[in-house]
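Q: Could you walk me through how to read the fold, packing and surface of this protein?
A: Gladly; let us look at it together.

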Amino acid sequence: MTDLLIRPAQSRDHDAIWSILEPILRAGEAYALPRDWDGERALAYWFSPAHHVFVAESAGAVLGSYYVRANQLGPGDHVANGAYATHPAARGRGIARAMGLHSFETARALGFSAMQFNLVVATNTHAVALWTSLGLREVGRLPGVFHHPTLGPVDALVMHRPL
């Protein structure tokens, strides 16, 4: 997408971000977050003080959001972690890829030396393919740790890449 702008999120973006997060949370297939969270609780989490939150917009419409944070505290705080969400109607347009690349640059600028995702649901084949194409590699598989709403317990991947 050539007209995609990725910028820091602002409070005026809350409604748009909730419209992206709500269907993902309700589906319960990608995030280890409660499916019944309301907008207030979900946005409080997304905008946690330690999160650097961004939105991807095109023609003034917010189509995606991501955050970057330290994966761990103390001796593990040099490794970044993040979460990404694209509006269901905007999937397949390269928005997640653009946010992923932007997040790597953001994390590097914040002083992180690597990106690690602790729980990539193995059945989320689009996410696994995206992260693999962007240089993350599977460094671990956690058997049956994610309770998928229709498939039951499924594996999750730990994925990592140097920045």
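Q: What pattern does the protein follow, read along the sequence?
A: Start with the basis: this is a predicted model, where local features need pLDDT of at least 70, side-chain atom pairs count only at pLDDT 80 or more, and totals for chains, interfaces and linings use all residues. Residues are numbered from 1 along each chain as its sequence is written, and side-chain values use heavy atoms, leaving out hydrogens and water. Helices (H or I, at least four residues) and strands (E, at least two) are DSSP runs numbered from the N terminus. Here the order is β-α-α-β-β-β-α-β-α-β-β, with four helices and seven strands.

Q: How many residues does the largest nonpolar core have?
A: In soluble globular proteins, nonpolar side chains tend to be buried together. A nonpolar core is a set of buried Ala, Val, Leu, Ile, Met, Phe, Trp, Tyr and Cys residues joined through side-chain atoms within 4.5 Å; buried means under 20% relative accessible area with a 1.4 Å probe, protein chains only. The largest core has 26 residues, and M115, V120 and W131 have the most contacts inside it. Elements supplying at least two residues each include helix 3 (95-109), strand 5 (114-121) and helix 4 (125-133). A second, separate core of 18 residues includes W18, L21, W46 and Y67.

Q: What share of the residues counts as buried?
A: Of the 163 residues, 45% do.

Definitions and conventions: Buried means under 20% relative accessible area, exposed over 50%, partly exposed in between (1.4 Å probe, protein chains only).
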